[in-house]
Number of protein chains: 2
Amino acid sequence: MGKLTVETTNHRYDVLIGPTTYALFSTVYKDLLTSADRIAIIADEKVAAIHLPLLEESLAIVKDKLVVKTIPAGEACKSIATYADCQSFLLQQGFTRQSLIIAYGGGACGDLAGYVAATFMRGIRYIHCPTTILAHDSAVGGKTAINMPEGKNMVGAFHQPSAVLFQTGLFSSLPSQEVRSGLAELLKHAFISNEEWTMQLLANKSFTNPSEKWLTEELLKGIQVKAKIVAEDEFEQSTRKFLNFGHTFGHAVEAACGFGKLSHGESVMIGMIYSLQLSEMMGLTAKTLTEQLIQFANEHEYPLHSIHDFSFDEFMNYMQKDKKMSHGKLNFVLLKGIGQPFVTEVTREQCLRAFQELTTRTEGMS
Amino acid sequence: MGKLTVETTNHRYDVLIGPTTYALFSTVYKDLLTSADRIAIIADEKVAAIHLPLLEESLAIVKDKLVVKTIPAGEACKSIATYADCQSFLLQQGFTRQSLIIAYGGGACGDLAGYVAATFMRGIRYIHCPTTILAHDSAVGGKTAINMPEGKNMVGAFHQPSAVLFQTGLFSSLPSQEVRSGLAELLKHAFISNEEWTMQLLANKSFTNPSEKWLTEELLKGIQVKAKIVAEDEFEQSTRKFLNFGHTFGHAVEAACGFGKLSHGESVMIGMIYSLQLSEMMGLTAKTLTEQLIQFANEHEYPLHSIHDFSFDEFMNYMQKDKKMSHGKLNFVLLKGIGQPFVTEVTREQCLRAFQELTTRTEGMS
């Protein structure tokens with residue numbers, strides 16, 4: 001089993017990855033569970049339909065105080081309506097400040113349940129049991145949020161979990177789109193931290209068809225990158241912004257396509273290519289690197305055609321609503337080289353040129 | 001002008017009280033205002049109707065980036081619907097993490113606008129310009145919240161303001177119910193901290209008809225008590241609970257009567273009498289003290305009849321939903337003597353006896 005401790009200003013918690021992490025509920029986390037007066041599993045309805053018995057059995061020691069609340073699957077749960085619904089549910093079930101929430105689902109479920117926990121009676125404890133590869137990113141670092149009609153993750157809070165438990169066996173039921181999505185964030189962690197590791201990943205022919213063992217090791221490396229940055233800069237004043245590599249254009253692609261059509265990681269892959277394109281145009285990274293990433297993404301069936309489906313203005317419109325905007329300026333995380341991210345202002349004109357270049361380069365790709 | 005600095009773990013800000021504090025916007029707070037890319041006044045609609053020009057004139061130096069959002073008056077604004085509406089408004093107006101919110105209204109407006117600020121893009125800065133006496137309590141300490149159908153202040157966050165500016169001239173337009181409401185919290189601050197001061201207040205015949213000068217001095221004393229406690233225990237793990245003196249039964253009275261019918265402070269006055277009744281029954285405080293407070297409250301037209309309008313079970317039902325509940329037990333702040341608050345568990349039977357005793361003692365009061 002892989003284990004990593006995340007340290008932030010006021011909190012310290014473990015992230016555990018392996019085939020039997022839920023067994024820890026009756027050992028390492030027994031005190032945490034018994035100290036809670038009520039416990040709610042807030043579960044993605046699709047995950048609950050397949051995997052709820054597994055989690056419930058692991059929580060047998062506290063079954064008397066356990067209730068389950070299912071929420072819409074995927075990104076759809078991150079609405080004001082589901083948020084309010086969960087809060088009312090907890091109140092009706094007699095939850096107090098001594099209660100505990102367990103998020104059971106992917107990143108979206110963790111974001112929603114984490115935000116509920118962050119604000120129920122001004123904050124109660126929660127444990128995240130992520131069920132997707134993608135969630136190796138969002139489950140660590142304490143960012144919680146819901147979406148607004150105007151944009152993604154626009155309302156939320158920083159709230160660190162008490163523990164994060166990945167049971168890797170659950171990944172085997174993930175659809176291939178979800179696998180691609182999660183591994184794009186893994187690649188992002190490589191790009192912003194380590195050239196050798198990045199090159200290994202780009203050379204990996206079975207990248208989107210991973211073994212459980214490889215996945216455990218690689219996700220732990222990804223989480224390590226994230227945990228180090230979160231420890232340095234919990235509230236995103238400086239280096240934490242690097243984690244947004246690929247996200248400015250990526251979020252715009254995700255929003256333009258309609259949330260849920262393209263997965264988050266697929267969008268981030270396109271966003272990383274876009275950021276490399278900008279870096280290349282600024283003379284910072286090699287043309288061959290941009291081309292290598294385009295080739296890699298295309299081979300592993302990331303949907304590069306998506307950028308042909310909308311005009312530049314449509315993407316630009318979404319980018320201008322980005323949280324990373326500052327005083328009306330567009331900010332991007334670019335690379336001075338692999339492992340050397342930095343934040344810089346980019347003009348509308350540069351954005352347009354990168355877009356045009358990229359549509360040319362990805363012509364005819366699926 | 002009175003000034004007091006509040007210090008919490010990660011924040012430090014000033015609370016200012018006086019006839020011309022808004023003049024500070026163009027001096028002391030000029031840098032704060034100019035550092036924001038957008039500024040929104042979130043204003044109670046009743047306050048805006050009378051006093052908006054005053055605030056807008058004080059913010060003339062930033063009028064180009066200023067927008068105004070009015071919200072329902074009083075407690076009605078603390079709904080999920082108004083919360084979502086404000087978040088959408090800010091997004092549509094192009095607000096970013098560098099933007100600023102100014103709350104303009106009483107405690108409810110501050111709670112709502114503060115919670116919007118706490119969670120907009122995971123937290124932006126806000127200034128509170130309280131327009132009621134009651135808000136001398138809620139404006140200090142960083143507790144923000146909205147109500148749920150199931151109970152008051154059930155969802156929220158801790159988020160400290162960047163400054164709190166009381167312009168005391170605004171108090172002259174307050175209805176007498178609001179004056180009574182605010183002064184009850186002042187009396188609470190006295191009860192939990194200082195016997196001599198408490199006795200002075202109880203002997204003050206013009207308590208609910210105060211001069212601006214007296215009010216400035218007394219509110220500063222009240223804020224001092226609160227600021228000291230908040231500095232010790234920002235997240236209500238220990239001594240901050242003392243500020244809930246009078247609030248367990250008070251919230252139940254407020255909820256039973258229907259929010260807005262009875263003001264918050266009027267309900268807290270009744271709650272303090274109830275807590276003294278419990279303290280007296282436990283042999284901690286003198287019977288004469290309970291009687292003195294009942295007498296005082298009746299003379300100053302606090303609506304003591306309210307406890308005759310509902311059954312004990314109705315009040316009990318609301319008390320059981322209180323945030324201060326822990327593991328199914330009712331917790332009360334009681335007094336070992338004036339200035340000596342402590343938290344203790346109280347049984348349902350003790351609650352019932354106190355209720356019965358109090359209904360007898362307040363028989364026929366208005």
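Three cavities of 30 Å³ or more are present in the structure, which is a predicted model.

The contact between the chains involves 37 residues from chain A and 36 residues from chain B. About 3,200 Å² is buried between chain B and chain A, with 58% of this area on carbon and sulfur atoms. Polar contacts link 15 residue pairs between chain B and chain A, both residues of a pair being at pLDDT 80 or more. On the side of chain B that touches chain A, at least two residues are supplied by each of α3 (80-92), α4 (107-119), β7 (143-148) and β8 (151-158) of chain B. The greatest contribution to that side comes from α3(B), with seven residues. The side of chain B that touches chain A is made up of 17 nonpolar, 12 polar and seven charged residues.

Two salt bridges are found across the interface of chain B and chain A. A salt bridge joins the side chains of Arg97(A) and Glu236(B), with an N to O distance of 3.2 Å.

Notes:
Residues are numbered from 1 along each chain as its sequence is written. Chains are lettered from A and ligands numbered from 1 in the order in which they are written. This is a predicted model: local features need pLDDT of at least 70, side-chain atom pairs count only at pLDDT 80 or more; totals for chains, interfaces and linings use all residues. Side-chain values use heavy atoms; hydrogens and water are left out. Contact means heavy atoms within 4.5 Å. Buried area is the accessible area (1.4 Å probe) that two parts lose on being put together, summed over both. A salt bridge is a side-chain nitrogen of Lys or Arg within 4 Å of a carboxyl oxygen of Asp or Glu. A polar contact is a pair of N or O atoms within 3.5 Å; within protein, one must be able to donate a hydrogen and the other to accept it, and residues adjacent in sequence count only if both atoms are side-chain atoms. Helices (H or I, at least four residues) and strands (E, at least two) are DSSP runs, numbered from the N terminus. Ala, Val, Leu, Ile, Met, Phe, Trp, Tyr, Cys and Pro count as nonpolar, Asp, Glu, Lys and Arg as charged, and the others, Gly among them, as polar. On a 1 Å grid over the protein atoms alone, a cavity is a set of points where a 1.4 Å probe fits but cannot get out, and a pocket is an open set with protein on both sides within 12 Å along at least five of seven lines; lining residues have an atom within 4 Å of a point. Grid points are joined across faces, edges and corners, and a volume is the space filled by probe spheres set on the points.
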